Amino acid sequence: MLGSLISLGASAQTAPATGADEAPASKKVDADKTADKPIGKPIAELDRVEVTSSKRRQLQDEVAGTVTALSGSKLEQMGVRDAEDLFKLTPGVQFNKGNADGALYSIRGIGTNTSSDNVIFGQTPTGIYIEDIPFTDPYVYISSPDVPPFDLERVEVLRGPQGALYGSASLGGAVRYLFAKPQLRQQQFSVLTGVSSVAQGGTGYTTNVMANLPLFSDVAALRVVLTKRRDAGYVDNPGTGRKDINANDAESARIILAVKPSASLDLTATYMRQHSKQNGDSGVFPDPEKLSIDTPTDARIDSRIDLSSLQANWDMGGLKLTSLTGYQTKRREQQTDVTYLLVPDFTLYGGVNYPNVDRAINVEPRRSNGFTQEFRLAPTETGDLSWLVGVFHQKVNFFRSQVVTLPGANDPVDLPGDVYFETVRQGSATENSLFADFDWKLTPKWTAGAGARYFKTRVTFDRSNFGAPFTRFESDESGTTPRFSTRYELSSQASVYATASRGYRFGGINTTGSIPYKSDSLWNYEIGARLRPSRQLSLELSAFTQRWKDIQVSTSDPNGFILTTNVASARSNGLEATLGWRPVNSFALNLSTAVTSAQIKAPFVSGNGRDVASGTDLPGSAKFQATADASYNFAGPIDSSGSVSAVLQYLGKRKAQLDADLELPAYTTLDLRLNFGWTHWELGAFVQNVTDKRGQSSAAVNYSSYQNPGAVNFTQWYPIRPRTVGVTLRYDY
């Protein structure tokens, strides 16, 4: 289990497209069972994990920077089903829950919202990449994909800005999802299914199927992955009389074709589709301790994500040229109830009164399509000098409309039906850049590195309100984001490093008032140490300070519309530590902690007129959080190999919103899992959130418009999943 959670450095050589020389994914699970590892026998050494976070392969002990790597096989063993389960394993990374595909992430406190309900314009600070294709919306927020963990190769979480290699989408850090690749020689088949029940809620299920099919031995193979799950609901709505309204039905499919026509060329074509449907809100109101929301209309969310990509690696006699082409689309249809913002006593602009209003509904269709192309060149063999150069292009077209209706109102003005507000925003965001990264081995023990990215970004969009002619808005920016690092080996068991890196985000223009906002930037300064005092023990320590300038903050204006402005500056300081201990094959323990202080460093006035004082904590940032996960393997009944595992998470109190006095309390959760495995079968049982803790993952205050004196501001909380009990069954062939 130790290999599933260990802090790593951020560098690595260009990864091959296929995994023909790697162990099959299904066999990696078997490798950790006690049938293969005698109980009580000391292991040779702790797992040494390889990452590709710098788009080149490198071991953890050879890098300068911090990355958390979570192997796909371990995520499956631990019963991780979604992002809510996954990110509790990464202290220093905060998962801020929302509705389906609507979560926000912050790394080391870098974020200004915990709820995507408050994000319309602007790029979120944490980048999400699927097979190195950026999925973070550059201008208009559409969604945040929640990738199923089944049959992943691994997930890498890169801390600190990654502007030199990953561009605008990684101001505070990045999350990389890497799929298990087709095996060219071996046929494989896996099925993982399960059923679960949530306290005070409904029943859920999951079914996952993987088939690896060699088409021509050592030349071509196909890997197909299908998943279907129902996340049980646990929020009731007395206003509509429906129970468990936040049940989420999610389906996904992945088809990966790997072709290696010659020793010098390999190609990987990937297609992925995910579709989530949720017929109720996951947020609760007015009591955060009760799993209910009282609104006259239920929310509806329908989210779909598609990805097509082609990666080609060509060995040109000492140099490897990599081409990565991607095309992705997002579609999200979202209906939410905004009755508390607009009624009763609703008055339209100009003083016109709407009588008999009993509810208000907000409907937002969102969609985007994006094309990316990256070329990079690196040596096939590394010597004293390791380098990589590349070019990148991305263009994302977006569309987002918003219609607010007042069903049942007696329309006193010449508006279509019961429409109170209607707007359309459509346009494109483009990024072009050149980047380079170098590492020099100055002596056998001392390495220095540097990198940089020159970028140009452009946003062009049109806006129309109430069907009026479109108004054009444009914004252009350019700049450079450097990276510097150094690493020194004190001995074969100890090394130290230091790094400095800069990140940035797209600038843009508000559609309310045509007010522009510019790109913000962040510098990260970090030092760290990696210690392996024995083959059974590892310790990693890092300390960082971050300087965030011209922060893009999204807040409500007096009318209740979201406004993005550049304000002041912020600073995030922290310490992170990871301990891995595996004295014998049968037992593994990981301890990870993060201490973070992320605060505004100059006062400002938010869009709704509230004063935000210097020293205000950035939202979603816990001053202390920690995770302990342990596993024990034993000889089970009926010639099985048994294992028991536990994950204990503590998350400290956090501010929920910059411009509101709203605090999310601290909470502790415990997850337990028991597995029994045979040659091809594995039976598991689990309990998550054993004590049924009512923790709050995120929250947002929604401000009513000044035209509606009878309406009220209301707070919506997004609770963590209540106690969940379930069983799973897996078959590998």
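A residue is termed buried under 20% relative accessible area, exposed over 50%, and partly exposed in between, with a 1.4 Å probe and protein chains only. The model is predicted, so that local features need pLDDT of at least 70 and side-chain atom pairs count only at pLDDT 80 or more, whereas totals for chains, interfaces and linings use all residues. Residues are numbered from 1 along each chain as its sequence is written, and side-chain values use heavy atoms, with hydrogens and water left out.

Of the 733 residues in the protein, 62% are buried. The secondary structure comprises 5 helices and 40 strands (DSSP runs numbered from the N terminus: helices, H or I, of at least four residues; strands, E, of at least two).

A nonpolar surface patch of about 630 Å² is formed by Leu385, Trp440, Leu442, Trp446, Tyr488, Leu490 and Val496. Patches consist of residues with over 30% relative accessible area and no salt bridge, joined within 9 Å for like charges and within 5 Å for nonpolar side chains (Val, Leu, Ile, Met, Phe, Trp, Tyr); a salt bridge places a side-chain nitrogen of Lys or Arg within 4 Å of a carboxyl oxygen of Asp or Glu. Leu442 lies in the loop between strand S20 (419–441) and strand S21 (446–465). Because its relative accessibility is 47%, Leu442 counts as partly exposed.

Key. Areas by Shrake-Rupley, 256 points an atom, 1.4 Å probe, with all protein chains shown as cover.
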